[in-house]
Amino acid sequence: MKILITGYKGFIGSNLTSALMQDGHSVYGHEWGYPFPNVRDMDWVIHLGAISSTTETDISKILKQNVNFSIELF
């Protein structure tokens, strides 16, 4: 199965990526700032990527990366 994981470098994402790869799945990670992934080529999309810092003050950055990216993935 081909699986795209956003936030694959975080704690949960990295452990999930390892577990899925051990089960024989093809896992593709997406990093913010790189070209938008073609989700139609994937069997699953697991969206874990977000700005989780409680001290981030740039609201437009949070909206762009947390909200707009989620909408684009959908």
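Predicted model: local features only at pLDDT ≥ 70, side-chain atom pairs only at ≥ 80, totals over all residues.
**Exercise 1.** Work out which residues of helix 1 are buried, and how they are arranged about its axis.

*Solution.* Begin with the buried residues of helix 1, which are Gly13, Thr17 and Leu20. Seen down the helix axis, these buried residues fall within an arc of 70°, so they line one face of helix 1. Next, turn to the other side of the helix, where Phe11, Ile12 and Gln22 are exposed. Finally, consider the cover over the buried residues, which includes strand 1 (2-6), strand 2 (26-30) and strand 3 (44-47).

**Exercise 2.** Find how many salt bridges there are, and describe the residues that form them.

*Solution.* The count comes to two salt bridges. In one of them, the side chains of lysine 9 and glutamate 31 meet at 3.0 Å, N to O. This pair links distant parts of the chain, 22 residues apart, with lysine 9 in the loop between strand 1 and helix 1 and glutamate 31 in the loop between strand 2 and strand 3. Lysine 9 is exposed at 57% relative accessible area, whereas glutamate 31, at 28%, is partly exposed. Lysine 61 and glutamate 56 also form a salt bridge, at 3.7 Å, N to O. Here lysine 61 is partly exposed at 35% relative accessibility, and glutamate 56 is partly exposed at 25%.

Key
Residues numbered from 1 in each chain as written. Heavy atoms only, no water. Buried < 20%, exposed > 50% of the residue type's maximum accessible area, 1.4 Å probe, protein only. Helix = DSSP H or I, 4+ residues; strand = E, 2+ residues; numbered from the N terminus. Arc of directions from axis to C-beta. Contact = heavy atoms within 4.5 Å. Salt bridge = Lys/Arg side-chain N within 4 Å of Asp/Glu carboxyl O.
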